[in-house]
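Dear colleague,

Please find the structure below, handed over for your records.

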Amino acid sequence: LNYKIMGLMGTAAVAGSYVIIQLLLLGILPAIGFGTAGTTLVGQSLGENNPDEADHWAWDVAKSATLYAVIMGSVLFVFAKPLVALFIQDPEIQAITVPALRIYCAAMWLESLARALMGAMTGAGDSFTAMVYSTASMYLGFLPLSYFFGPFLGWGLSGSWFGDSIY
């Protein structure tokens, strides 16, 4: 559905969004790994009847995921232009992609924090709440906000990624 929204803004927006996603995976895939670690460490601590240690692990994993995302987001923000140029040679597409990438980089830490905490919740046995949060944020947050700020308001690719960053 995200690409359908981008398609409403033209092929340049689709191409730019594809590159943004590829670069953001450098920051988001480790967050998924931190979430998995949180699931394991919290679950193991609770299985050992040690809720204080589980709480400690949940927040340690969340802090680590957030720190990594801040560092990676900063690197991607600073080097956005040359990184985008590795994928796209068209100056018009670069011009719309770089600011959109930078917008999301500023908020990458929030998604990493959320993914780490959802992993900890799953490890604590509350996978239903994590699933509801993930699904609701996608269909009630990300997609409508991406559409609203992008095609609807006419803010283009940067608007769509702004909508993504605030959900």
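This is a predicted model: local features need pLDDT of at least 70, side-chain atom pairs count only at pLDDT 80 or more; totals for chains, interfaces and linings use all residues.

In which helix does Phe162 lie? Phe162 belongs to helix α8; helices here are DSSP runs of H or I with at least four residues, numbered from the N terminus. Residues are numbered from 1 along each chain as its sequence is written, and side-chain values use heavy atoms, with hydrogens and water left out.

Surface patch

Phe162 has a relative accessible area of 31% and is therefore partly exposed (buried means under 20%, exposed over 50%, partly exposed in between, with a 1.4 Å probe and protein chains only). Together with Leu8, Tyr147, Phe148, Phe152, Leu153, Trp155 and Ile166, Phe162 forms a nonpolar patch on the surface with about 790 Å² of accessible area. Such areas come from the Shrake-Rupley method with a 1.4 Å probe, and for residues only the protein chains shown count as cover. A patch takes residues with over 30% relative accessible area and no salt bridge, joining nonpolar side chains (Val, Leu, Ile, Met, Phe, Trp, Tyr) within 5 Å and like charges within 9 Å. Helices α7 (127–152) and α8 (156–166) each supply at least two residues of the patch, and α7 provides the largest share, 3 residues.

Aromatic rings

The structure has 7 aromatic pairs, where rings of Phe, Tyr and Trp (its six-membered ring) pair if their centres lie within 6.5 Å; planes under 30 degrees apart count as stacked, over 60 as edge-to-face and the rest as tilted. One of them is the edge-to-face pair of Phe148 and Phe149, at 5.1 Å centre to centre and 80° between the planes. Phe149 and Phe162 are also edge-to-face, because their planes stand at 90° with the centres 4.9 Å apart. This second pair links distant parts of the chain, with Phe149 in helix α7 and Phe162 in helix α8, 13 residues apart. Phe149 is buried at 12% relative accessibility, whereas Phe148 is partly exposed at 35%. Ring pairs join Tyr147, Phe148, Phe149, Phe152, Trp155 and Phe162 into a cluster.

Nonpolar core

The largest nonpolar core has 23 residues, and those with the most contacts inside it are Leu24, Leu101 and Trp161. Such a core is a set of buried Ala, Val, Leu, Ile, Met, Phe, Trp, Tyr and Cys residues joined through side-chain atoms within 4.5 Å. Two or more residues come from each of α2, α3, α4 (80–87), α5 (91–105) and α8, and α2 gives the most, with 7 residues.

Salt bridges and a loop residue

The whole structure holds 2 salt bridges, each defined as a side-chain nitrogen of Lys or Arg within 4 Å of a carboxyl oxygen of Asp or Glu. Asp60 and Lys63 form a salt bridge at 3.8 Å, N to O; they are 3 residues apart in helix α3, about one helical turn. Arg115 and Glu111 form a salt bridge at 2.9 Å, N to O, and lie 4 residues apart in helix α6 (residues 108–123).

Finally, Asn49 has a positive phi of about 60° although it is not a glycine. Asn49 lies in the loop between α2 (11–47) and α3 (51–78) and is exposed at 68% relative accessibility.

With kind regards
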